[in-house]
Amino acid sequence: MIIALLNQKGGVGKTTLATHLAGEFTRSGESVVVIDADPQGSALDWSQRRSQTGLPRLFGVVGLARETLHLEAPEIARSVDHVVIDGPPRVTALARSALLAADLVLIPVQPSPYDVWASSEMVALVNEALIFRPTLRAAFIVNRRVTRTVIGREARATLTEQRIAPLAAEVFQRIVFAESVAAGRLAFELDADSPAAREIAALAAEVMGLAR
């Protein structure tokens with residue numbers, strides 16, 4: 001299964017979700033490779049930080065910010081259970097290549113009116129890809145939601161109107177995610193019983209359900 005996290009808007013948490021989902025899949029006993037297709041190389045930076053601090057490798061991270069991604073990712077997928085693509089922050093030829101490589105596209109979106117409005121461009125891109133990949137599946141992930149805010153509920157309702165449903169699992173704004181990135185770790189490694197770790201576990205379980 002090739003899972004791509006894509007959004008034309010930067011700063012929505014693609015890398016954090018990509019590495020955390022990969023970590024959950026690994027905890028379930030499955031082999032995973034993360035493809036860093038973002039020219040900024042944030043997933044590679046996280047992996048390097050982990051290595052520098054002497055932590056064991058949970059999964060491989062490879063840089064592949066090339067427009068031939070749709071040809072190369074399936075080859076990588078032959079040797080592992082899952083490939084997770086951390087996509088670029090803009091709609092480019094590279095983003096289209098990642099989209100064509102994927103079996104499942106996850107679109108992280110923050111619950112703000114600007115982010116929800118901006119998601120329409122990504123939806124159009126998915127609809128375009130469906131012409132060539134009719135089996136492609138896609139879903140929104142509500143990410144960085146602030147607890148007890150009305151706007152989170154309103155965002156979910158608006159996203160549903162986009163004809164791509166949001167996943168039931170949501171990930172909230174948690175300081176532990178920033179701390180985990182800085183330490184080259186994942187939320188469950190800092191506190192396995194934290195709300196952040198539980199939210200990621202629920203998200204990974206729902207994604208795995210779509211993957212089957």
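Me: How many aromatic pairs does a search of the whole structure find?

Reply: The search finds one aromatic pair. Before we go on: this is a predicted model, where local features need pLDDT of at least 70, side-chain atom pairs count only at pLDDT 80 or more, and totals for chains, interfaces and linings use all residues. Residues are numbered from 1 along each chain as its sequence is written, and side-chain values use heavy atoms, leaving out hydrogens and water.

Me: Why is the pair of Trp 46 and Phe 59 called stacked?

Reply: Rings of Phe, Tyr and Trp (its six-membered ring) pair if their centres lie within 6.5 Å, and planes under 30 degrees apart count as stacked, over 60 as edge-to-face and the rest as tilted. Here the centres are 5.6 Å apart and the planes are at 10°, so the pair is stacked. Both Trp 46 and Phe 59 are buried.

Me: What makes Arg 144 partly exposed?

Reply: Buried means under 20% relative accessible area, exposed over 50%, and partly exposed in between (1.4 Å probe, protein chains only). Arg 144 has 29%, so it is partly exposed. Arg 144 also has a positive phi of about 60°, although it is not a glycine.

Me: What makes the charged end of Arg 27 count as sitting over the ring of Phe 188?

Reply: A charge sits over a ring if NZ of Lys or CZ of Arg is within 6 Å of the ring centre and within 35 degrees of the ring normal. The charged end of Arg 27 is 4.0 Å from the centre of the Phe 188 ring, and it sits over that ring.
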